[in-house]
Each structure stands twice: as C-alpha cells, then as structure tokens.
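This briefing walks through one protein model, topic by topic, for a reader who is new to protein structure. Please keep the sequence and the picture in view while you read the points below.

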Amino acid sequence: NMILVKTIVNDADTVVFNFDTGAPVGGVLSDSLAKRYKDIRQLKIAFANGKDIKYSNIDSTKILVDFITHNVDNNLQLLGIRNASKYRYWSINYDDLIFQILPKESVIDTTDALVFDFEMSMNGICMIIPIAMHREGKYFNQNLKLMLDTGCPFAFLMSEPSNELQKFVESIDYFDLQRLQPKELKNSRDSRFFTLDSISFSGCIIKDIHSVFNYTISFDKYLKNGTTGLLGMEIMKHFNTIIDFDRKKVILKSHKKTFNYELAIFTNALGFQVRNKDKVVTSIERGHNAQKAGLKLGDMVIRINELNLANLTHSNLDSLRLLKGGHKMKVGILRDGKQSNVEFTTKTTLKQL
C-alpha cells in the first residue's frame with residue numbers, strides 16, 4: 001500500500017521515495033544521504049523499475065523543493081507535497097503504472113469521476129467525504145473530514161473519532177493494539193484496529209477494509225480545521241487519482257487493476273445493488289421486500305420512482321443510499337426485452353447505531 005517513486009537527487013544520486021501526501025515537507029532523506037547534500041533543493045523524477053509499480057521518465061519535470069529534512073532511519077525517504085501547488089496536477093495512474101506531474105494546460109477528463117473539494121491546511125489536503133461503514137449487520141453513516149495521506153497503509157486512521165463512530169466500533173469486533181506494545185509505549189488511551197465488511201460512498205463499495213483508532217495523536221490540534229483522521233491507501237489504491245492544486249479538487253476514477261472494488265448503487269433500505277456501468281442488478285438481499293416483489297438478478301433497472309437512472313448524479317445517488325425503511329418504491333426494469341415495474345416498500349434490515 002505504498003507509492004514508490006524513483007528520483008534523481010541533485011543529478012547525482014538515485015533515491016526511491018515513498019510519495020506521501022501526508023508529509024508537509026518537500027522531502028525526507030535518509031540521514032546518510034542528507035549529510036552529503038546539506039544545501040540540495042532539487043529532485044528529479046525518473047524511470048523506476050519497482051516490483052509493484054513503474055513510473056515513466058519525465059525528463060522535463062524537475063521538482064524544486066525548498067524544505068528537505070532528514071531522518072536517522074535510513075529506510076525512510078519521503079517525497080512530500082510542500083511545493084506541489086506550483087505544478088497544479090499530480091497524477092497517479094494505476095492502469096498504465098504511471099506517476100506524473102502534468103502541465104498546467106492539461107485537459108482533465110472528469111467523466112464518471114468522483115470529484116471532491118479540498119482545503120489546504122499546514123500543507124495537508126483535507127476534504128469532507130460522506131462514508132457509510134458496514135460490519136456484522138450494522139452500519140454507520142457520517143460525513144468525515146479527513147486528510148488525504150498516501151503514506152498511510154490503512155483505509156482510515158482516526159485520532160478523534162466522534163462518539164457515534166466510537167460506539168459503532170465498540171459494537172463490533174476490534175483488536176486492542178496496546179497488547180502488542182511494550183509497557184514503556186503504553187499510554188492512558190488505547191489504539192484499536194478494526195475491520196469493516198465494506199464501506200460505501202458516492203456509489204462506490206470497497207470491501208474488507210482495515211482501520212485504526214490512534215488516540216496518541218491529534219490531527220485537529222495540528223491542522224486546526226476540524227480534521228479527525230487520515231484517508232489512506234487501502235481506499236486510494238482503488239482509484240486513478242489526480243490532485244488539482246489550482247482548483248482545489250481531488251479527482252478519483254476507477255481503474256482496471258482494482259482490488260476489491262465495485263462502482264454500484266447500494267442501499268440497505270432498497271435491498272438490492274446494481275452495477276453503475278449498465279444498471280444491472282448484481283445482488284438482492286434475501287427475504288427483503290424487493291425480492292418478495294419479484295426483482296431478479298440480471299434485471300436492468302431503468303428508473304426508481306421518478307428518477308431516471310440514465311441521469312443519475314452523485315447527489316441523488318447518496319439520497320438513495322441513505323433511504324430509510326417505510327418508503328414506497330416503484331422500480332422500472334427491463335427483463336428479456338420487456339419493461340415492467342416492481343413495487344415494494346423499503347425495509348431497513350441493518351441496525352444503525
């Protein structure tokens with residue numbers, strides 16, 4: 001769950017950096033290398049033959065970095081985003097295994113993309129994302145303000161979760177990370193590791209999610225903007241990503257090398273799920289009113305009540321996802337070339353805490 005970028009430092013040394021949007025500095029060099037380059041201020045991205053990802057040669061791009069620090073751990077070398085805004089577009093493309101800094105005049109295709117506004121705080125990319133978490137027949141919905149951190153291997157790392165989120169996690173299985181720590185590292189508040197069956201946001205479902213509560217740090221105290229955690233690589237690796245520093249947008253598009261990801265319409269109250277690309281029903285909750293009314297796998301959903309699915313937006317998709325029980329639904333379908341309607345009442349079977 002890391003993005004490794006091979007660079008040329010000062011036109012002399014080849015260094016593999018972990019591209020870390022959570023690093024507020026321009027770069028972090030190993031202690032031994034930093035001692036040789038006390039005054040260096042330039043990194044050049046070059047071709048890399050990594051085991052996990054390759055990066056193209058970008059001969060014309062040099063990243064002028066005005067703040068480089070070093071670390072006594074010679075294995076920790078980071079490329080941060082302190083100077084990223086000078087270059088507008090930073091792109092990570094998993095389909096072609098390319099890491100790029102795109103020219104400012106580039107035209108970005110946002111068709112079928114998820115686009116989130118962000119704000120910069122202490123060189124951190126912070127954005128609000130509506131997240132629904134699912135585990136063991138329970139679910140939790142909340143708008144979370146998170147900092148994008150490609151250096152975080154988990155889906156989320158929360159420092160100050162809300163009372164509602166803590167209550168949800170305490171109701172499911174979690175592992176107390178303190179048990180793994182020596183006594184001198186323990187503190188009065190514990191760290192918790194928990195997994196989720198899936199999360200959904202803006203029509204995306206990602207399964208088997210791993211997250212951590214770490215109460216020893218405070219992102220809000222550091223960023224001073226209400227950010228309570230990190231959005232990490234276990235989610236971000238499912239999307240080709242473009243960070244537009246001029247317009248303050250994060251643009252996410254699904255890619256071919258997805259791990260366990262679906263773009264789908266999903267709602268626990270509707271009781272069924274359809275693929276976004278063709279609106280075909282891919283799963284139906286057993287015993288739900290939708291199944292009893294006759295909805296079948298393979299049906300193509302044309303509309304839900306007055307909503308034409310051909311004109312679906314992220315806004316009305318979220319409205320469907322957040323439906324509660326007791327709503328009358330009329331679902332127009334196409335089956336074997338013939339149109340018909342399936343009518344039922346929404347039913348909430350998952351327990352919300």
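Predicted model: local features only at pLDDT ≥ 70, side-chain atom pairs only at ≥ 80, totals over all residues.

Residues are numbered from 1 along each chain as its sequence is written, and side-chain values use heavy atoms, with hydrogens and water left out.

**Overall make-up**

- The secondary structure comes to 6 helices and 30 strands, where helices (H or I, at least four residues) and strands (E, at least two) are DSSP runs numbered from the N terminus.
- Among contacts (heavy atoms within 4.5 Å) between residues at least 6 apart in sequence, 62% join residues at least 24 apart.
- The accessible surface, calculated by the Shrake-Rupley method with a 1.4 Å probe and, for residues, with only the protein chains shown counting as cover, comes to about 17,100 Å², of which 48% belongs to carbon and sulfur atoms.

**Nonpolar cores**

- A nonpolar core is a set of buried Ala, Val, Leu, Ile, Met, Phe, Trp, Tyr and Cys residues joined through side-chain atoms within 4.5 Å, and the largest one here has 53 residues, with Phe 19, Met 133, Phe 156, Ile 199, Phe 201, Leu 231 and Ile 235 having the most contacts inside it.
- Strand β14 (residues 124–135) gives the largest share of this core, 5 residues.
- Apart from this core lies another, of 18 residues, among them Leu 270, Val 274, Leu 295 and Ile 333.
- If neighbours within four places in sequence are left aside, Ile 199 is in contact with several residues, including Met 133, Phe 156, Cys 204 and Ile 235.

**Helix α2**

- In helix α2 (residues 163–170), Leu 165, Gln 166, Phe 168 and Val 169 are buried.
- Seen down the axis of α2, these buried residues fall within an arc of 160 degrees (taken from the directions from the helix axis to the C-beta atoms), so they line one face of the helix.
- The face of α2 turned away from the buried side carries the exposed residues Asn 163 and Lys 167.
- Gln 166 counts as buried because its relative accessibility is 18%, and, leaving aside neighbours within four places in sequence, Gln 166 is in contact with Pro 161, Phe 213 and Tyr 215.

**Loops and backbone angles**

- Ser 202 is found in the loop between β18 (191–201) and β19, and at 6% relative accessibility Ser 202 counts as buried.
- The C-alpha atoms of Ser 202 and Ile 131 are separated by 8.3 Å, although the two residues are 71 residues apart along the chain.
- Asp 208, whose place is in strand β19 (residues 204–214), has a phi near 55 degrees, a positive value in a residue other than glycine.
- Lys 248 lies in the loop between β21 (239–244) and β22 (249–254), has a phi near 60 degrees, which is also positive, and is partly exposed, with a relative accessible area of 31%.

Notes
Buried < 20%, exposed > 50% of the residue type's maximum accessible area, 1.4 Å probe, protein only.
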